[in-house]
Amino acid sequence: MTCDSAAEAALRTLDRRHVIHPWGELCPSAEASFMLAGEGAYVRDLDGTRLLDGVGGLWCVNIGYGRREMAEAIADQIMRLPFYSAFMDMATPPATELSAKLADAAPGDLSRVFLTTGGSTANDTAVRLLHFLFNRTGRRKKKHIITRAQAYHGSTFLTASLSGKFADRTDLDLLEGQVHHLSSVDPYRRPAGMTVAEFCDQRVAELENKILELGPDTVAGFIAEPVLASGGVIVPPSGYHARTLEICRRYGVKYISDEVVTGFGRLGHVFASEAVFGIEPDVITCAKGLTSGYVPLGAAIVSERLCREASGGESAIFSHGFTYSGHPVACAAALTNMAILEREDLYGHVRRLSPYLFQRLEELLGLPLVGDVRGLGLLAGVEFVADKASRRPLAPEIAIGKRIATACRRHGVMVRPLGSTVGISPPLTIGREEVDVLASALRSSILEVADELTRESVTIG
Ligand code: PLP
């Protein structure tokens, strides 16, 4: 479907006049880029151009676009019961069935599920639940939350405070005093002369030192994405996850694993915490791939032990929730989405295809500008630098990630600019052919941008 040019112009004008875009200009000076349709791993824009969606919408369209089965499940639930409150003792079948299914898929004793409207509200819920736990059990000083530079945990006041993408803080207020950011865990950016193992030791020690500095009796939790996604697709060093969990356990600090991006097949498993990193956190938060983005939904999956401890054998009312917590239509969509992921073994498919994706991306390391290729499963980042030997970054005003992403779009592929990196998280349904399309668009784009930069007298080496 395309619009005629008058309708197109009208849409663009309406958008500029009325829409406040997330992370966009409040009063936009440039026109928005409309997407109109999607099928499989491809989307079509307002101009009718077909693009391979290397972003997966926003790290979320795991089962791909245009699934009639999803439309039918959503429509069925709407006709049966579009909405009823899940508050207090109210329930709907899809919300209960989904909670049981998530509990089944989650590691260890993570068997109690709080359904939310997305990832931010899932993380917000997780932190409020920790406060609730410690307030109820007479440890009211346990309030501090430890997080990391380059983390992204959401956009509510609390979760924006947990996030560590410091450029996003410009002119915005955040919670002060209760949130503490550790240094970046990006091995590519480790100090010169340090091995990755030493870097890991140092970052693990930093967590322990921070807990000791604040006092273990004042620290409620540590929140961590297993792979930091929008911070630049950063995979912490091997062993980091298990060692940080061990430190949290030692000091009575609860561990929240933010699997909003890494869940539902992105790393080849329903959840990555245990299957990929060998950890059993106290809470797993998820969203995005839970419904493959067809409708909004999130969840905080909480350990049975934690809930029992907070209850203390009495009635414990957790006065927290959203009108759309456990929305039956979203839960029906999630159940169908999870059924598709299982039936088509998209988990196994990701594990099998991932080495080919990284083989093709690593070939780019021979090109100018390409400093690092990293990731896991079908989640990848390619980082660009001015000088490969010294890893010197390009000047921020060059906006290298954006330039590469713009060039890729000219070559028919969407990738996500993340500062000096581009992020790749395509629908999990792609095959080797789409990996080739992605890799060749990146190759052409990198060569073109490197040429442009040379013409602009930017020194690259
Ligand atoms: N956590 C992570 C790791 C994310 O990447 C995001 C969103 O990108 C969120 C939380 C917030 O999720 P939402 O945008 O659904 O509120």
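## Before you start

This is a predicted model, where local features need pLDDT of at least 70, side-chain atom pairs count only at pLDDT 80 or more, and totals for chains, interfaces and linings use all residues. Residues are numbered from 1 along each chain as its sequence is written, and side-chain values use heavy atoms, with hydrogens and water left out.

## Around the ligand

Start with the ligand's neighbours, which include Gly118, Gly119, Tyr152, His153, Glu225 and Val260. Being near means that a residue has a heavy atom within 4 Å of the molecule. By class, the shell holds three nonpolar, six polar and three charged residues. Here Ala, Val, Leu, Ile, Met, Phe, Trp, Tyr, Cys and Pro count as nonpolar, Asp, Glu, Lys and Arg as charged, and the others, Gly among them, as polar. Helix α5 (residues 119–136) gives the most to this shell, with three residues; helices (H or I, at least four residues) and strands (E, at least two) are DSSP runs, numbered from the N terminus.

Now for the polar side-chain atoms. One from serine 120 sits 2.5 Å from a ligand oxygen, and one from lysine 288 lies 3.0 Å from an oxygen of the ligand. Aspartate 258 has one 2.7 Å from a ligand nitrogen. The protein covers 81% of the 390 Å² of accessible area that the ligand has on its own (Shrake-Rupley method, 1.4 Å probe).

## The second largest pocket

This pocket has a volume of about 1200 Å³, the space filled by probe spheres set on grid points that are joined across faces, edges and corners. A pocket is an open set of points on a 1 Å grid over the protein atoms alone, where a 1.4 Å probe fits, with protein on both sides within 12 Å along at least five of seven lines; lining residues have an atom within 4 Å of a point.

There are 32 lining residues, with Ala86, Met88, Val113, Phe114 and Phe318 nearest the centre. Helix α10 supplies the largest share, six residues. Overall, the lining has 19 nonpolar, nine polar and four charged residues.

## Two residues in loops

Glycine 265 belongs to the loop between β8 (254–258) and α9 (272–275). Its relative accessibility is 0%, so glycine 265 counts as buried (under 20% relative accessible area, 1.4 Å probe, protein chains only). The C-alpha atoms of glycine 265 and valine 350 are 7.0 Å apart, although 85 residues separate them along the chain.

Aspartate 282 is in the loop between α9 and β9 (283–286), and at 5% relative accessibility aspartate 282 is buried too. Its side chain reaches the backbone nitrogen of tyrosine 255 at 2.8 Å.

Technical notes. Polar contact = N/O pair within 3.5 Å; in protein donor to acceptor, adjacent residues only side chain to side chain. Buried < 20%, exposed > 50% of the residue type's maximum accessible area, 1.4 Å probe, protein only.
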